[in-house]
Amino acid sequence: MGCTKTISLNHLPEGDVPLDMAIYLSGIDKIIGCRGKWLFKFNASTGKKESELRVVDSAINESYIC
């Protein structure tokens, strides 16, 4: 059976956060992700966004998880 759900690339479902990178941290049971100048912390069980932080240094265009 094929996939029948269509997702518009111009609109994200409410609450979705597109990420460039993400990592699971077992020590704190959280998912940390980044997108551009934004860092996010998610609940690892539910996927709900718990907090966010914007890096304001004008020299930074992207963030990476190393």
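Okay, quick definition before anything else: when I say two strands pair, I mean DSSP finds at least two bridges between them. Keep that in your heads, and keep in mind too that what you're looking at is a predicted model.

Let's start with strands 2 and 3. Strand 2 covers residues 30–35, strand 3 covers residues 38–43, and the two run antiparallel with six bridges joining them.

Next, carry on from strand 3 into strand 4, residues 49–54. That pairing is antiparallel as well, with five bridges. Here the pair to click on is Phe 42 with Lys 49, its bridge partner in strand 4. Again it's a hairpin, this time with five residues between the strands, and the turn has a glycine with positive phi: Gly 47, at about 80°.

Now some whole-chain numbers. How much of the protein counts as buried? Of its 66 residues, 11%. The exposed surface comes to about 5,500 Å², and carbon and sulfur atoms supply 55% of that.

Last one, on contacts. Take the ones with a separation of 6 or more: residues 24 or more positions apart account for 22% of them.

That's my tour, so over to you.

Technical notes. Residues are numbered from 1 along each chain as its sequence is written. This is a predicted model: local features need pLDDT of at least 70, side-chain atom pairs count only at pLDDT 80 or more; totals for chains, interfaces and linings use all residues. Side-chain values use heavy atoms; hydrogens and water are left out. Buried means under 20% relative accessible area, exposed over 50%, partly exposed in between (1.4 Å probe, protein chains only). Contact means heavy atoms within 4.5 Å. Accessible areas come from the Shrake-Rupley method with a 1.4 Å probe; for residues, only the protein chains shown count as cover. Helices (H or I, at least four residues) and strands (E, at least two) are DSSP runs, numbered from the N terminus.
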